[in-house]
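Please look over the sequence and the model first, and then follow the sections in order.

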Amino acid sequence: MQEGRPIQWFPGHMAKTRRLMEKNIKLVDAVAEVIDARIPYSSRNPELNQLAGGKPRIMLLNKSDLADPVFTREWIAFFQEHGMGAIAVDCRSGNGLNGFLPLAKRILAEKLEAWREKGMAGRRIRILVAGIPNAGKSSLINRLSGNSRASVEDRPGVTRSSQWFPVGKEMEVLDTPGILWPKFEDPAVGERLAFTGAIKDDVIDLETLACRLLEVLAAGYAGLLAKRYRLENDISGLGGYELLEMIGRKRGMRAGGGAIDTERAAIMLLDEFRAGKIGRITLEKAGEGHD
């Protein structure tokens, strides 16, 4: 992946997903969007504002255990200021999810009151769950519904069809396949999605990606980077490839002839970043990219 060159990735099943969502949106009371708390802007689907058709919105900042808590609080405040409900969650462990139903009731208070006046008290709230691939929708639904019927895999593009799942007696959620958009207008968006694993690694040059990630981390989280990989010297001003070689050397990753195995180092770096081993990191400031 070259810097400045947009990533193109729009499998055919995602066009079908868009059509399904346009149909299903009429059946629900609100839309919950699962986003990655490390990249709250880049992990949103820019088409969802139009597809949601004015329905009340809930933003679930997933993987918040991997994100910088200061930035997460700022992002929650940003979404609330724009009329959306928002909470930080970790869908795998379930942390924060006890706030989902109360938040849904709060943003749907007027509708719930109207139901009561019409003698429809007790009707289940219906929420469509949307998000890009690998955002954590299936983990969310498994946690909410208390089972593992939704397919969970740590790779993008697993969910293929829409399914309803009951959540206790008060809510049911509609799962939808992960949906990306046809083109990333901003190359940085595609890059950040690739950093977090939302785009399949087999369509990207991993060494180039790792070098770019190192440059981003050195600019914003140099202390965490230096601590994790025991980089004693000042790393400011170093290029991504220099940093990758330093890390490979520190980890004893040697190829034939004693050269640093930068490919192996790149894979390790991306794995450790995605697992949160470097530290709690957020790559986007609150409101970044939004009008």
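## A question to begin with

In which sense do strand 4 and strand 6 pair, and over how many bridges? Strand 4 (residues 125–130) and strand 6 (residues 171–175) pair in the parallel sense over five bridges, where two strands are said to pair if DSSP finds at least two bridges between them.

The model is predicted, so local features need pLDDT of at least 70 and side-chain atom pairs count only at pLDDT 80 or more, while totals for chains, interfaces and linings use all residues. Residues are numbered from 1 along each chain as its sequence is written, and side-chain values use heavy atoms, with hydrogens and water left out.

## The protein as a whole

The protein has eleven helices and six strands; helices (H or I, at least four residues) and strands (E, at least two) are DSSP runs, numbered from the N terminus. Of its 291 residues, 50% are buried, where buried means under 20% relative accessible area, exposed means over 50%, and partly exposed lies in between, with a 1.4 Å probe and protein chains only.

The protein exposes about 13,600 Å², and carbon and sulfur atoms supply 47% of that area; accessible areas come from the Shrake-Rupley method with a 1.4 Å probe, and for residues only the protein chains shown count as cover. Among contacts (heavy atoms within 4.5 Å) between residues at least 6 apart in sequence, 69% join residues at least 24 apart.

## Strand 6 and its two partners

Strand 6 is mostly covered, since five of its five residues are buried. Met171, Val173 and Asp175 point one way from the strand, Glu172 and Leu174 point the other way, and all are buried.

Strand 5 and strand 6 form a hairpin with three residues between them, and Gly168 in the turn has a positive phi of about 65°.

## Strand 2 and the unit around it

Strand 2 (residues 57–62) is likewise mostly covered, with six of its six residues buried. Both of its faces are covered: Arg57, Met59 and Leu61 lie on one side and Ile58, Leu60 and Asn62 on the other, and all of these are buried.

Strand 1 (residues 30–36) pairs with strand 2 in the parallel sense over six bridges, and Val31 stands opposite Arg57 of strand 2. Strand 2 also pairs with strand 3 (residues 85–88), in the parallel sense over four bridges, and Ile87 in strand 3 is the bridge partner of Leu60. Together with helix 3 (residues 69–81), strand 2 and strand 3 make a right-handed β-α-β unit; right-handed means that, with the strands pointing away from the viewer, the path from the first strand over the helix to the second runs clockwise.

## Salt bridges

Side chains of opposite charge can pair when their charged atoms come close. A salt bridge is counted where a side-chain nitrogen of Lys or Arg is within 4 Å of a carboxyl oxygen of Asp or Glu, and by this rule the count comes to 15 salt bridges. One of them joins Glu33 and Arg44, whose closest N and O atoms are 3.4 Å apart. This pair links distant parts of the chain, with Glu33 in strand 1 and Arg44 in the loop between strand 1 and helix 2 (48–51), eleven residues apart. Glu33 is buried, with a relative accessible area of 0%, and Arg44 also counts as buried, at 8% relative accessibility.

Another salt bridge is formed by the side chains of Arg192 and Glu288 (3.0 Å, N to O). Arg192 lies in helix 7 (residues 187–196) and Glu288 in the segment after helix 11 (262–274), so the pair ties together parts that are 96 residues apart in sequence. Arg192 counts as buried at 16% relative accessibility, whereas Glu288 is partly exposed, with a relative accessible area of 29%.
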